[in-house]
Structures are given as structure tokens and as C-alpha cells.
Amino acid sequence: MRLEYALLAGVLYGMFYALAAVGLNLVFGVLRVVNLAHGDWIVLGSFLAWELYSTFHLNVLFSAVVALPLGMAAGFILYWVLAPRLGRSEDPEMTSFVLFFGISQIIEALATFGFGNNQRSLLPNALVAAPLRLGGQVYPGVLVASAVASVPLLLALYLYLYRSHAGAATRAVMANPAEAAAVGINVRKISALTFGIGTAAAVAAGAFSIFVEGGTSPSQGVALTTVAFAVIVIGSLGNVAGTVLGGLVYGIADQMTATFASSWANLVPYLILILVMLARPSGLLGRATRDA
Amino acid sequence: MPDAVVGVVAVLAFALAPSFYGNELLLLNMALYVVLAQGINVVYGFAGYLPFGYVGFFGAGAYGASLSVRYLHVPAPLAVILGGVAGALTGTVLLPLLRLAGPYFAITSLAAAEAIYAVVANPTLDFVTQGTSGTDLASIYNSAESYAAAVCLVGATVAVVVLLRWGNFGLALRAIRSNYLAALCAGIDVVRARRIAWIVSATIAGLAGAIFAWAIATFYASAVFDLSVSVFAIVFALFGGVGTTAGPIVGAVLLYGLYSAIGITAPSSFELVYGILIVVLVLFVPRGLSGLWHGFLQQFRPTKGQLGGGGGPSTGRLFMASGQPSEARMEGGEEILRVENLSRNFGALRAVDGVSFALARGEILGLVGPNGSGKTTVINLLSGVYQPSGGSVVLGGKNVAHLKCHHLVRMGIARTFQIPQPLASLTAAENVALASRHGRPGPMAIADPIAAVGLASQRDTAAKDLNASQQKRLDLARALATGPDVLLVDEMGAGLSPAELDDLAALLRDLAKQGIALVVVEHLMGFLAQVTDHVVVLDAGQEIYRGSLGDAVKDEQVIKVFLGA
């Protein structure tokens, strides 16, 4: 019984983690940048949901939708401010890594000024109060809702990438920016768009993270970034479809440990990340990536 | 040396500071951050790895010290040393991480530190580690002695950095950062050099953690594994400027001072300040304070550097054959290299398919073929850049087919690159000195390789400021400096002027007269004809012709692959 619970809960967590990580993977694929501020965008999404519910009693699902244009705009602006300077550096990969670390610190500090350092949480009825009974097990309704809400967002992203012209251009830039530019694709525009979409996905995931993570606080960002990185590494860097697999593997491993060796649960994301990086740096679905 | 002065000043300042300023714990923390920033300097500034999980070594040192006090009842100074050992051991366990590069390394090292923390602070292990309940070190607590130890550690760490900056090992590390492939082919054992820097840096952090534990009567795992320790050390080092001696010291003192002034009471204000600082540093001041300082000094210096060097045209003969009588080292005839059935697959593609040839001392073999015929792959296989899929390479009687580049260089196989690979941030003289130090032991056939390739007036010019033709020549000088028996020359002729080509041909002939065996890959047949008449023609990885260059151009199959059917 505990095994079944852990497995199904792992799948539910996994869908959420896939949404939480997919933006990081998109941005990595197009810009070859590990966006260390990714987790901080998730935290900001949580605060958005918290404020909208506490002030206007708006359901968290609504916040997840509002998060999309807001995150998109924020990502767009950030990209246009930073991008012109990134390309000039001697070691752009490392430079941008450190740069985004600085941005992460700024977001965290501003979030602390704005919302205080205490953990904030919401009661389940901010999303859905009723728990789900399945096969004699009771699953928190908020967990089920977070997982279910992640599916259409991930699906929309998949359709965008594989069924639209902009998506095809995005995949071309992922494969080879120079050649993409040579066939007339505006690489800067695609990059800005991708950065916006990646940020939007993170902010939207934040609306659910406040339940899945049991609350939110400004200092959570680094841990969320690490988890998201573990997820995309498992599923292969730059492979967006792989993120879902990565999320599921991570979610199930996490729930298994939480169920059968709860005091070691903290170790799981880090151990998985290290093992995958050392044993199979290209991820479970990966071909060898360039530059990686 | 000004660097040593910097170290002495830092140690004296920290030693005297308690007489002027009462808050000794603040001074201790500042001294330890100087140490940690220098540790980051060693592993990032010199070896190119940015460990976000650097705090893991600090924590390991703190627990190494406290556990050895608790279970081995050692006196405090020995506990500090054992803390350093704990840091070194942790570094040894994490050596596989060095296979990763850039951001992947940075994040994975962070995960490693968090994993160590999750073990040390695990409730089920608390009876051993006291990670959550707090480690009581009142029995050895001594603020004056622990502070003295911290001051000593500052001195020792600065000494290590000075050695790294000015020693041979430091030059090797700079070469690796500058151009990995070129460093490898100059004979540097890249993996070993990076491992040493990593372990040294881990030991430094372990010692710092141990001293911190000693200076604090009670500490918790959450404090000594706090990610902000890594972050501070990294930001301090970047702010001051990595790769220098004074930079990380100045960075740590200024920023930790700022943190003490505003950060302890309002940590998020400080977080905002250093977040902005990082962004400004990365975007506008990538070399930190030391970069600004050198830029400032530069304005007052006469532009001496630009007179001697630069990419301008050189005068006189470009490639100079040595003036010695050619018979001096003539050892022609003795076989030195035998290649049999050499093959290399890339997936389904058989890039080199059973190539065989033998080479005697003083012999020059031309390797010819259309694009994609496998010429450069042969060079990469012979020089150890690629590993062969099959076949043997026998050098002086020993099969060396599966040795790595730096081993082969030490055994006497050197190469140049089709696209020049300068160690960009090093001067021409340093490029060559490095190669002669790491190359084959024993005397060089060419006493002054830089002069031999016509770069005598560019000795002190940074390799990145040389023009393309000069960089090609520097490649050759570096290869000669390793003292090769076999020299692999990969399309050096492309892009050289006719006069330069004539000089290069004379130099290559002269090298052969001195007993060096040469493999020359070339498209320029006129140039090749000046160098040798003995060629092997490749097509699709296989030999299709062997014999004189003169007859090759009459051979039907050769004509077919070059001109089409």
C-alpha cells in the first residue's frame, strides 16, 4: 500500500516538477545558459498567488494564468537588458552563470524586503479543498490539482515547439544558432521569446509550488533551482520532452525516499544530480550535447 | 617581489589588528574569508573551476576537527591539521567532479556540498556528528590561539598563491586555462595539474573550517555548511580579482567589512548590495578591482609594450635554419616510427582505415589527400588527441597507440595545429618555456626555437597579440621546444606568403638533417615538393598511392580523387 501511494504521489509530484523545470531547460537549450535565478522566479510566482488570494480571494488557478503574461514580460525585459552584454565576454557560459547568480541574489533580497523572511503558506481551499480518494488512499487535492494543471501547460509548450513556426525556429536555434541565423531566423528575437516563455512557466509553477513545497519563502530559490536542474539533467539538457521524464523520475525517487527513509529525503535531489552528471552527463534520453 | 610584500602586509595587519580593534571574532571571520577567497582563487583563478559547493570543504574541516577532538582527544593544533586532512579527503572523494566543466561543475559541486550537509546534519546520525544538536568544543576553546592560527593560515595561503602565480606549476595551470588542447600537446599533464589545485584548495578550506570550529565554542552543521560561505568567498574573490595575489585579500577585507557594517543587522540589504555588485562586476568590471587598478596604472606608463611586439610585420628571415653544420646530429637511417594498420571510426564512418607507414630519423613523409581523406585524423591519432580504434603505433620500439597526448610529447612526438592553438594569455617566451619544461627530457635539437621560427623580436608579446602567421610559427616553436624525435606538421603552409613558405621549407629540411622524422600534411604541392619527394596519398581513410611526389601527379587513381572521375 505504501509503495503504491509513493508511486502515484511520485507521478503527481513529477508532473509539477516537470512544469517547474521546463523553463530552465528551454532557456538552456536556446541560450546555453544555466539560469540560476530560475528558482527565484518560482518563488515570485508563489508570492503572486499568495497576494492575489489574500487580497482578492482569487483562486490560485487564476494566479497561474495571470502569471503567464507577467512572467513573459519580465523575462522579455530582462533578456533585452542583459543580452547585448553577454555575448562580448571571453567566457560567456561562465559569465552568464555568475551573472544570473547575482540576479538571483537581487530577486531574493527584493522579495525579502517586499514579503518578509517568514515562510508563507495557503490553506488548500485557495486551490481545491477536497482530497482525492483513490484505491483506498487519500491524496491531497492541491497536489492532484497542481499535477493536473501542469499537463495543459506542458502540452501547450509541446505544441508550440513542434507545431508552430516560432517553435520550429526555436528548435533550429537550439540545434545551431549560427546556422539558424544563416537561414534567416532572427536569433535574438527567438532567444528573447524563449527567455520570456521560460520565465512565464516558472512563475506559473510558483502558484502551485506554494502547496507542493508546503509554503514559500524568499530563501527557497536556490533549492528550487537545484531541483529543477536535477530534473532537466535527468531528462537531458536541451530536450524539452525529456523534462517530463526527468520530473517523473525525480518525483518518484523523492516520494519513495520520503516514504521509506524519510530522514534521507533531503539527500535525494543532490544524489541524483551528482550520479546522473557523472554517469550519464547527457541525461537519460540524451545524445551527447555540444559544448556540454 | 611585490606579491610577497602583499602577503607580509596582510599577515602583519591581521596580527596587529586586535590591539586596535576589540571585536576579535569579526577579525577572525575576516581572516578566514581572506583564506577562503584565496582558496577560490586557486581553484577558479588558476584552474578554472568555480565550486559553488566550496563550503562543503569548510564544513568537512570543522567536523574533521571536532570529531577528532571528541573521539581522538587530540590537542587543538593537531585537530586543525586533521580538519585540513578532512578537507583534502573530501576533495579526493569529489575528484570525479573535475570531469565536468563550467556551470555543470559549479552546480554539481553545490549538490555535493548539500549532500554532505544532508548526511552530517541527518537526525539519525546526530549521535555521531551532533550536526543538529550542536557540537560543543568548549574543551579546546581558546580565542587568542585560534586567532593566531588564522593569521598563520592567511600567511600560508598567500604563500601558496604566490608560488602558484610565479612557479612552474602556476604557469602550467594558466596554460591549461588559456588553451586546453595546446597545453596538452605541450606535454602538460592537465588532469594531474587540475587535481593538485583542487586538493590544495580543498585543504585550505578544511583548515579554515577547523580554525572556525576551534574559535567558536559551539557550532551547528547549518552554520558551517551555509551556502552563503561559498557565495561570500566567490564574490570576494571576483570583486578583488582572481588570478592575482592581492585581489582576493582586498576583496575579502573590504566586502566583509561592509558586511559587518550593514549586513549582520540587515542581511537582505547586504544580499541586495552584493547581488547588484555581482551584476555590475560581471557586466562592467570582469577583472575585478585588480583589473581596474592595472588599467589605472597603465595610463601612466609609456607604451613600451607596443613598440617591441604587436602583430606588425617582422623583419629579416622568418624561419631561420640553425647555423650549425647539418652533420652535427645526423642520425639518419634508424627507424623511429612504425605505424601499422591504424584505424579510427567515428560512429559508422571509418575516417582512417588501415593506414601503415614507417619513418626513419631524418626522413620527411608528405601526407596528401583531398578534404576529408583522413590526414588530420592521422595526425590526431599519432599525437594522442584521438585514441585509435585499431592498429599500432610503435615509437622507438614501444607501442604507444593508446597513450594520451602529454605522454606522447614526453616520449618524443610533437605536433603543430592546422588552426594555430596559441596559449593566448602567455607570452611567446612562456609558451616555449612551458613546452621545453614539460616536453621530452634531454637537449633540444634547436637551441632557440623562438629565433628559429623568426619570432625573436616578439618574445615578450602575449600570444593573443600575434598575427595568424606568427601564431602558426609559435605553434612550431612550441613543438620544437618539446625536443621531438617525430614532428607532425599539420597544414602549416596555408596562409603563409611565398617567401615565408620558402623559409619554412628550409627550416623543415634542416630539422630533418638534425635527425628529426617529420610527417607533413599539406595541400600546397609546390611547397611540399620543396620539403620532400616521399608521399603517401590518402582517400576515404585508405592509402591509394605511395612513392614519389613527382610520380603521384601522374598516377591515375590520384588524379581521379583530386579531380573527380
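This is a predicted model: local features need pLDDT of at least 70, side-chain atom pairs count only at pLDDT 80 or more; totals for chains, interfaces and linings use all residues.
Visitor: What should I know about the numbering and the values before we start?

Guide: Residues are numbered from 1 along each chain as its sequence is written, and chains are lettered from A and ligands numbered from 1 in the order in which they are written.

Visitor: What makes up the secondary structure of chain B?

Guide: Chain B has 25 helices and twelve strands. Helices (H or I, at least four residues) and strands (E, at least two) are DSSP runs, numbered from the N terminus. The C-alpha trace of chain B spans about 90 × 60 × 45 Å along its principal axes. Of its 565 residues, 56% are buried, where buried means under 20% relative accessible area, exposed over 50% and partly exposed in between (1.4 Å probe, protein chains only).

Visitor: Why is H3(B) called oblique to H4(B)?

Guide: Helix H3 (residues 55–72) and helix H4 (residues 76–93) of chain B cross at roughly 130 degrees, and their axes come within 7 Å. That angle makes H3(B) oblique to H4(B): under 35 degrees counts as roughly parallel, over 145 as roughly antiparallel, 65 to 115 as roughly perpendicular and the rest as oblique. The axes are lines fitted to C-alpha atoms, for helices over the stretch in contact, and angles run from 0 to 180 degrees between N-to-C directions.

Visitor: Which residues of H3(B) and H4(B) meet?

Guide: Those of H3(B) include Gly61(B), Gly64(B) and Ala65(B), and those of H4(B) include Gly83(B), Ala86(B) and Gly87(B). Contact means heavy atoms within 4.5 Å. The residues of this contact divide into eight nonpolar, seven polar and no charged. Ala, Val, Leu, Ile, Met, Phe, Trp, Tyr, Cys and Pro count as nonpolar, Asp, Glu, Lys and Arg as charged, and the others, Gly among them, as polar.

Visitor: How do you know that the span of H4(B) agrees with its 18 residues?

Guide: The expected span of a helix is 1.5 Å times one less than its number of residues. For the 18 residues of H4(B) that should give 26 Å, and the end C-alpha atoms are 25 Å apart, which agrees.

Visitor: What covers the buried residues of H4(B)?

Guide: The cover includes H3, helix H5 (102–120) and helix H10 (190–215) of chain B. Among the buried residues of H4(B) are Ala79(B), Gly83(B) and Thr90(B).

Visitor: What makes H3(B) and H10(B) oblique to each other?

Guide: They pack at an angle of about 50 degrees, with axes 6 Å apart, and H3(B) and H10(B) are therefore oblique to each other. By class, their contact has eleven nonpolar, three polar and no charged residues.

Visitor: Why does Arg32(A) count as buried?

Guide: Its relative accessibility is 17%, so Arg32(A) counts as buried. Arg32(A) sits in the loop between helix H1 (2–31) and helix H2 (38–56) of chain A.

Visitor: What is the phi of Arg32(A)?

Guide: Phi of Arg32(A) is near 55 degrees, a positive value in a residue other than glycine. Most residues other than glycine have a negative phi. Asn341(B), in strand E3 (residues 335–346) of chain B, also has a positive phi, about 55 degrees.

Key
Side-chain values use heavy atoms; hydrogens and water are left out.
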